[in-house]
Number of protein chains: 2
Amino acid sequence: MTDPVLAHALDRQPQLIETLKTLVACPSVGADPAMAQGMEDARRIVEARLVAMGFANAQRLTPADGRGQPAIYAERIDAPGKPTILVYAHYDVQPPDPLAKWETPPFEPVERDGRLYGRGISDDKGPMMIALETLAAFVAVEGRLPVNVKLLIEGEEETGSPSLPGILEAHRALLAADAVLSADGARWRPDLVALNVGSRGNAGFEVRVQTAAQDLHSGRYGGIVANPLHVLSKLVASLHSDDGRIGVPGFYDGVAEPTNAERAEIAAIPYDEDMGFAAIGAKPHGEAGYSSLERLWMRPTVDVNGMWGGYTGAGSKTVIPNEAFAKLTMRLVPGQDPDTAKQAVIAHLKANLPPYAKMEVYGDRGQGGAYAVPPDHPLLKAAVSALEHTTGQSPLKVRIGASLPLTEIVSRVLGLDTVMFSFALSDENFHAPNEFFRRSSIADGLAAWVRILREIAQIAPGDFAPYRR
Amino acid sequence: MTDPVLAHALDRQPQLIETLKTLVACPSVGADPAMAQGMEDARRIVEARLVAMGFANAQRLTPADGRGQPAIYAERIDAPGKPTILVYAHYDVQPPDPLAKWETPPFEPVERDGRLYGRGISDDKGPMMIALETLAAFVAVEGRLPVNVKLLIEGEEETGSPSLPGILEAHRALLAADAVLSADGARWRPDLVALNVGSRGNAGFEVRVQTAAQDLHSGRYGGIVANPLHVLSKLVASLHSDDGRIGVPGFYDGVAEPTNAERAEIAAIPYDEDMGFAAIGAKPHGEAGYSSLERLWMRPTVDVNGMWGGYTGAGSKTVIPNEAFAKLTMRLVPGQDPDTAKQAVIAHLKANLPPYAKMEVYGDRGQGGAYAVPPDHPLLKAAVSALEHTTGQSPLKVRIGASLPLTEIVSRVLGLDTVMFSFALSDENFHAPNEFFRRSSIADGLAAWVRILREIAQIAPGDFAPYRR
């Protein structure tokens with residue numbers, strides 16, 4: 001028998017899609033100051049819907065300095081004695097460029113062949129509407145939510161969430177909750193029921209190696225001065241042993257080896273390595289002793305993202321350049337502190353710098369730690385149970401090799417864990433032309449969201465206590 | 001008692017300078033098609049002077065295909081039973097850019113503080129006029145030259161002498177001689193009487209390392225694919241051991257170790273290493289076991305002149321590039337065949353390329369071998385003797401770390417040795433704004449040229465035979 005709340009929500013899918021289209025028609029591109037009105041329009045549509053759903057205490061949140069795109073907050077504290085969940089989504093979208101590659105205009109949403117097209121429809125307006133309309137269905141059918149819900153709908157996700165730490169810090173009491181449930185964060189693959197339980201952190205910097213005050217002619221100086229491209233190449237070469245292991249003392253400090261259970265779990269994931277690598281024209285290469293998925297999810301990296309020096313134009317020039325540059329970033333795993341890991345790499349480069357060269361380190365980029373949901377976290381268990389109930393399959397626990405700033409920021413500032421529960425799929429062209437959202441994901445998502453809220457309602461609030469930091 | 005020929009030449013310095021200024025006023029920039037008239041004007045001035053000097057058989061030489069800037073040829077076969085010397089100079093000049101940095105216009109020659117300013121006045125029009133007016137003085141005073149002289153005045157020296165091999169091949173019989181005396185090729189330092197007895201050769205190519213068909217995101221692929229900048233850095237790092245020795249099997253094949261006598265000769269040269277390196281803001285670095293001058297003159301090099309890949313703009317981008325590039329050149333010493341040396345480097349790179357990367361080698365640049373005048377060559381002895389006579393000092397034997405295409409081409413095509421006998425000085429801003437030629441170098445040069453022709457006249461032509469190839 002279908003849950004009456006779900007039945008109501010499913011009945012009202014046409015209205016959900018209408019609201020979604022109205023929202024997608026707002027060009028809420030946070031990166032583009034010319035689209036400020038699109039941002040404001042999107043905020044007003046969301047706020048109007050929240051008020052209509054009976055959410056209270058609606059307000060816009062900014063950091064203490066009042067800067068940045070405000071996040072939308074509202075709450076329904078309907079369920080005394082039940083857990084309080086902070087539901088996360090975002091209303092800003094990626095820029096639509098390159099416009100010429102869109103088959104239909106990015107801010108004129110249309111449905112074709114079971115897919116809804118438009119910028120931001122998969123990331124994250126569609127998934128956000130699933131969460132909101134699930135909550136609306138509970139209110140409509142039962143007059144209340146089964147758990148206490150606080151909504152945090154961010155406006156800077158696509159620009160790196162620069163204000164999010166400040167917003168969380170400035171509104172700590174308002175945002176107090178037992179855990180975070182995110183309507184953002186794509187599912188890994190259309191063919192797998194999966195939950196993302198971890199992401200890598202990152203850090204990075206730029207380095208300049210100098211061996212002389214000016215470029216020199218190789219006829220006059222070749223063989224008697226150091227070539228900074230040779231010096232930098234030796235430094236870069238020293239970062240990895242031939243078997244792919246990072247040769248930086250201290251870099252692996254704190255990194256936990258995957259347990260046998262984790263390795264077995266990863267090995268059980270259907271993953272066609274040959275096809276994946278053929279698609280990018282590459283061969284698997286990485287740290288010896290680990291599978292590709294283990295490398296991607298459980299092992300840290302150091303990568304040179306750019307390197308340059310000397311003459312790079314057409315033809316040949318017999319110059320010995322006086323300086324050479326490299327941009328480095330690292331991907332980090334749980335147990336690594338971003339700054340400690342970065343300083344280990346810098347110290348290694350300095351220790352290996354020969355006496356005839358100078359080195360400057362600068363260009364510090366934003367950094368963040370890795371994140372992993374504790375395997376026994378009650379919200380993760382609720383998510384697993386909800387997906388088992390609605391799909392008939394036990395979701396695979398997957399991770400991503402990239403970073404999810406949200407999870408790391410929430411963990412660091414609020415001490416809360418986050419479960420990603422989006423119904424976007426990773427092939428839906430987000431951040432690219434012709435972004436779309438599968439029409440069928442709406443029903444799947446409503447079912448899962450109704451179910452997870454009922455699962456959460458079964459958890460004693462005290463069960464979250466061991467996980468709050 | 002002053003040699004009457006020299007006395008005549010010294011008396012006529014004002015006329016020499018007038019002709020020189022007329023010549024420098026012709027913008028004979030071979031690299032710039034818009035300055036074709038300047039090239040032609042320069043040729044006509046030189047040709048008119050040669051005819052006035054009684055030179056015969058005057059003609060313009062091109063390769064068999066008739067292309068390129070012609071070289072000017074003329075001869076005086078005045079001295080039966082005496083050696084025949086091919087005297088080399090060039091009438092083309094470097095482009096004058098950047099024009100704004102000239103204190104007076106480059107093609108309006110002027111004298112200031114004992115220096116004559118103008119583009120090409122030091123390289124090579126001033127030194128050429130010294131050679132020509134020496135010959136004119138012999139004709140004026142003695143009615144003939146003391147040796148047979150063939151003049152070859154090139155028009156493509158500043159653009160890499162692309163036609164010179166073809167000119168020599170097409171006019172082998174006409175150019176037959178015992179040795180080549182060059183009015184081009186600067187003296188090393190104003191404070192030293194020196195003869196340049198050797199130059200390094202060169203070769204080069206470009207390399208592209210590829211690890212994937214497209215750039216990849218380090219979040220999605222970091223740690224599971226090879227980074228071509230890491231691969232290329234390891235390849236570049238493998239070219240040199242930490243003590244500066246080239247780690248390419250076969251690269252040193254045929255290279256002769258400096259003899260004790262050569263090392264002693266080099267060690268005796270006054271050379272303020274500290275000052276030289278302080279001037280360029282660098283510290284000495286090179287192959288262990290050799291002094292800086294030994295490295296520069298007697299040891300080959302492999303240098304990366306340019307290297308690039310990935311994101312090189314402002315800020316940070318978490319890209320794993322799919323390809324990386326390097327431009328390499330080498331400087332070669334006697335005993336090394338340019339193609340063999342280059343192929344050794346390429347084979348080393350290929351042998352060290354890991355299986356997960358591809359490499360493409362292309363961008364072959366022009367190449368040439370090293371050159372050294374045989375230490376006992378009669379023309380070298382004549383040059384030493386002439387400088388001893390006119391300066392009272394025994395000239396130091398020096399080399400240059402750069403390449404002199406002329407010497408290598410003449411050796412390869414005509415089988416002749418070349419002695420560089422220019423009176424330009426290396427600080428005279430050739431190839432730079434405000435090129436100048438010391439007024440005092442004219443008298444020094446005339447004295448040395450008169451004397452060397454008299455010295456050559458004392459050589460039995462048969463003494464050259466062992467050195468002709």
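How many residues does the contact take from chain B and from chain A? The contact takes 70 residues from chain B and 70 from chain A, where contact means heavy atoms within 4.5 Å.

This is a predicted model, in which local features need pLDDT of at least 70 and side-chain atom pairs count only at pLDDT 80 or more, while totals for chains, interfaces and linings use all residues. Residues are numbered from 1 along each chain as its sequence is written, chains are lettered from A and ligands numbered from 1 in the order in which they are written, and side-chain values use heavy atoms, with hydrogens and water left out.

**View 1. The interface of chain B and chain A.** Chain B and chain A bury about 5300 Å² between them, 53% of it on carbon and sulfur atoms; buried area is the accessible area (1.4 Å probe) that two parts lose on being put together, summed over both. Of the area that chain B buries against chain A, 13% comes from Ile224(B), Ile280(B) and His285(B), more than from any other three residues. Between the two chains there are 36 residue pairs in polar contact, both residues being at pLDDT 80 or more; a polar contact is a pair of N or O atoms within 3.5 Å, of which, within protein, one must be able to donate a hydrogen and the other to accept it, and residues adjacent in sequence count only if both atoms are side-chain atoms. Strand β11(B) gives the most to the side of chain B that touches chain A, with 10 residues; helices (H or I, at least four residues) and strands (E, at least two) are DSSP runs, numbered from the N terminus. By class, that side of chain B has 29 nonpolar, 28 polar and 13 charged residues, where Ala, Val, Leu, Ile, Met, Phe, Trp, Tyr, Cys and Pro count as nonpolar, Asp, Glu, Lys and Arg as charged, and the others, Gly among them, as polar.

**View 2. A salt bridge between the chains.** The count between chain B and chain A is 2 salt bridges, each defined as a side-chain nitrogen of Lys or Arg within 4 Å of a carboxyl oxygen of Asp or Glu. One of the salt bridges joins Asp242(A) to Lys234(B), with the closest N and O atoms 3.6 Å apart.

View 3. An open sheet of 8 strands has the order β14(A)-β9(A)-β13(A)-β11(A)-β11(B)-β13(B)-β9(B)-β14(B), with antiparallel pairing; two strands pair if DSSP finds at least two bridges between them. At the edges stand β14 (358–362) of chain A and β14 (358–362) of chain B, each with a single partner strand, so one side of each is left without a neighbour in the sheet. Neighbouring strands of this sheet are turned by 25° against each other on average, direction ignored; axes are lines fitted to C-alpha atoms, for helices over the stretch in contact, and angles run from 0 to 180 degrees between N-to-C directions. Strand β11 (residues 301–310) of chain A pairs with β11(B) in the antiparallel sense over 5 bridges, and Trp308(A) stands opposite Trp308(B). Strand β9 (residues 201–210) of chain A pairs with β14(A), also antiparallel and over 5 bridges, and here Val207(A) stands opposite Val361(A).

**View 4. Helices on this sheet.** Helix α7 (residues 228–237) of chain A packs on the sheet, touching β9, β11, β13 (323–332) and β14 of chain A together with β11 of chain B, and its direction makes about 60° with that of β11(B). In chain B, helix α11 (residues 338–352) lies across β9 (201–210), β11, β13 and β14, running at about 20° to β9(B).

**View 5. The sheet β4-β5-β18 of chain A.** These 3 strands form an open sheet with antiparallel pairing, in which the edge strands β4 and β18 (436–438) each pair on one side only. Strands β4(A) and β5(A) are joined by 3 bridges, and Glu111(A) stands opposite Leu116(A) in β5(A). Helix α14 (residues 439–457) of chain A packs on the sheet, touching β4, β5 and β18, and its direction makes about 55° with that of β18(A). In the loop between β4 (110–112) and β5 (115–117) of chain A lies Asp113(A), whose phi is near 50°, a positive value in a residue other than glycine.

**View 6. Two cis peptide bonds in chain B.** The peptide bond from Asp97(B) to Pro98(B) is cis, with omega near -5°, and Pro98(B) lies in the loop between β3 (84–90) and β4 (110–112) of chain B. A cis peptide bond also joins Asp123(B) and Asp124(B), with omega about 10°, and Asp124(B) lies in helix α4 (residues 121–142) of chain B.
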